[in-house]
Amino acid sequence: MSQPRRTPRRRAWTVLTLPALLCVLAACSGGSPSGEGADDAAPSAAPTPSGPPGTLFDNFHYSGPEDPSLAAHGWQVRTGGGGPGIKDTWSATGAGFPSDPTAQGGRVLRLRASTDGTKEGTRQVEVHSTGTGLFTGTYAARVYFGDKPASGRNGDHVVETFFPISASDASTNYSELDYEYLPNGGWGSVGPQLDTTSWFKADPPDRVTHALKQRVAGWHLLMITAMNGKATYSLDGKELFTSSGKYVAREEMDIHFSNWFIDLPFTGGPRTWDMKVNWFYYKAGEAVSQADVQKTVDGFYSSGINHINTVPKS
């Protein structure tokens, strides 16, 4: 079951790019040649179009964590301390944007968590949005869950996650809507399971949750519809869980993708775990069907649009 995130995130995280570059590059998309090799070079793109109102879309065509366009488009990579998981092990080294033939458009955000069973040898990874408040509407992401390590021994209690969350854990209107995949379980569960959890308060924890007890390795379309006093989670168009009452979005949130370890159950040499994100889409104030989400995203790809943001700044 999902656990609270007790460390205020804003104090623990840093931006990897120079603020002075943001104004210059705020309208640019794409990136410079990739640090992962010439074959992975991010293609050039036209300036961000105005597009349909209340829309955020990104397919992560960036060259690396230091790409100025990443911050210009409202994304940060966590490098500070705190939890959850193995505290103070957050690193930008696990964030990459490689080519991937299984992805729509051929590129992904890859979140690679690694460990050798010691805190010193552990690196967790998280990428999140900032500056654009997302509230009611439709959240969607095409996500690849790793069911086994990309390298090394299996058995880690890894958590692969996608969630909108309040900027502060201490907010009086705290909101958090979670997808968490635990291929090997954790917190007393043997797994595998996909948890969907709606929060009212982080400390003390107050939430409602549902566990889908099955393997969900590979690519999936994850959606959260936060509308009309409800939060509905669906996987590939199939509804999993709906919360209501106090367990709904109550204020603007940021989007987070993270890959981290609950604990370190064994040493046994180094291993890596990969979670991938193909694209993220948000439509403010509307319940959008899976078919219409995919149709819209397909249209962005066919038009060569890598990023669009017409959501009013918070």
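This is a predicted model: local features need pLDDT of at least 70, side-chain atom pairs count only at pLDDT 80 or more; totals for chains, interfaces and linings use all residues.
## Model and overall fold

Residues are numbered from 1 along each chain as its sequence is written, and side-chain values use heavy atoms, with hydrogens and water left out.

Of the 314 residues, 56% count as buried (buried means under 20% relative accessible area, exposed over 50%, partly exposed in between, with a 1.4 Å probe and protein chains only). Among contacts in the chain with a separation of 6 or more, 73% are between residues 24 or more positions apart; a contact means heavy atoms within 4.5 Å.

Side chains of opposite charge can pair when their charged atoms come close. The structure contains 6 salt bridges, each defined as a side-chain nitrogen of Lys or Arg within 4 Å of a carboxyl oxygen of Asp or Glu. One of them joins the side chains of D100 and K276, with an N to O distance of 2.7 Å. This pair links distant parts of the chain, 176 residues apart: D100 is in the loop between β3 (95–96) and β4 (109–115), and K276 is in strand β15 (residues 271–284). Both partners are buried, D100 at a relative accessible area of 7% and K276 at 14%.

Another salt bridge is formed by D274 and R112, whose closest N and O atoms are 2.7 Å apart. Here strand β15, which holds D274, is linked to strand β4, which holds R112, across 162 residues. D274 is buried at 13% relative accessibility, whereas R112 is partly exposed at 30%.

## A salt bridge between two loops

D147 and R215 also meet through their side chains in a salt bridge, at 2.9 Å from N to O. The two residues are 68 residues apart and lie in distant parts of the chain, D147 in the loop between β6 (137–145) and β7 (158–165), R215 in the loop between β10 (206–212) and β11 (218–227). D147 is buried, with a relative accessible area of 12%, and R215 is partly exposed at 48%.

## Surroundings of N184

N184 lies in the loop between β8 (176–182) and β9 (193–201) and is buried, at 17% relative accessibility. Its side chain makes a polar contact with the side chain of N154 at 2.9 Å. The N184 side chain also reaches the backbone oxygen of D156 at 3.0 Å. A polar contact is a pair of N or O atoms within 3.5 Å; within protein, one must be able to donate a hydrogen and the other to accept it, and residues adjacent in sequence count only if both atoms are side-chain atoms.

## Cavities

There are 2 cavities of 30 Å³ or more. A cavity is a set of points on a 1 Å grid over the protein atoms alone where a 1.4 Å probe fits but cannot get out, and lining residues have an atom within 4 Å of a point. Grid points are joined across faces, edges and corners, and a volume is the space filled by probe spheres set on the points.

The largest cavity has a volume of about 50 Å³. Its lining consists of L56, H73, G74, W75, S129, T130, T132 and N309. By class, this lining has 2 nonpolar, 6 polar and no charged residues, where Ala, Val, Leu, Ile, Met, Phe, Trp, Tyr, Cys and Pro count as nonpolar, Asp, Glu, Lys and Arg as charged, and the others, Gly among them, as polar.

Conventions
Helices (H or I, at least four residues) and strands (E, at least two) are DSSP runs, numbered from the N terminus. On a 1 Å grid over the protein atoms alone, a cavity is a set of points where a 1.4 Å probe fits but cannot get out, and a pocket is an open set with protein on both sides within 12 Å along at least five of seven lines; lining residues have an atom within 4 Å of a point.
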